[in-house]
Amino acid sequence: MIGSGKSRFAYMENSLLNLTKMMRAYYGKPVILLIDEYDALKFAVKE
């Protein structure tokens, strides 16, 4: 299970790094990953 604070950030950072590496391998060129916080509000309201 993911802890809080720094370990949660490190997990997220590692996951995004892995995703971009896989996308680069698949497409054969560098990728730019854009993250939108639009859904953050929907999830916050449900809690």
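How many helices and how many strands make up the secondary structure of the protein chain? In this predicted model, the secondary structure comes to two helices and zero strands. Buried residues account for 0% of the 47 residues in the protein chain, and the accessible surface of the chain comes to about 4900 Å², with 62% of that area belonging to carbon and sulfur atoms.

**Nonpolar surface patch**

- A nonpolar patch on the surface is formed by Phe9, Met12, Leu16, Leu19, Met22, Leu33 and Ile35, which together have about 660 Å² of accessible area.
- Ile35, one of the residues in that patch, is found in the loop that runs between α1 (6–27) and α2 (38–46).
- Ile35 counts as exposed because its relative accessibility is 61%, and exposed here means over 50%.

- Leu17 is found in helix α1, and because its relative accessibility is 43%, Leu17 counts as partly exposed, a class that lies between the 20% limit for buried and the 50% limit for exposed.
- Leu17 and Leu33 are 16 residues apart along the chain, and their C-alpha atoms are separated by 9.9 Å.
- Leu33 is also one of the residues that form the nonpolar patch on the surface.

**Aromatic pair**

- The count of aromatic pairs in the model comes to one.
- This pair is formed by Tyr26 and Tyr27, whose rings are arranged edge-to-face, with 4.9 Å from centre to centre and 90° between the planes.
- Tyr26 and Tyr27 are both exposed.

Conventions: Residues numbered from 1 in each chain as written. Predicted model: local features only at pLDDT ≥ 70, side-chain atom pairs only at ≥ 80, totals over all residues. Heavy atoms only, no water. Patch = residues over 30% accessible without salt bridge, like charges linked within 9 Å, V, L, I, M, F, W, Y side chains within 5 Å. Areas by Shrake-Rupley, 256 points an atom, 1.4 Å probe, with all protein chains shown as cover. Salt bridge = Lys/Arg side-chain N within 4 Å of Asp/Glu carboxyl O. Helix = DSSP H or I, 4+ residues; strand = E, 2+ residues; numbered from the N terminus. Buried < 20%, exposed > 50% of the residue type's maximum accessible area, 1.4 Å probe, protein only. Phe/Tyr/Trp six-rings, centres within 6.5 Å; stacked < 30°, edge-to-face > 60°.
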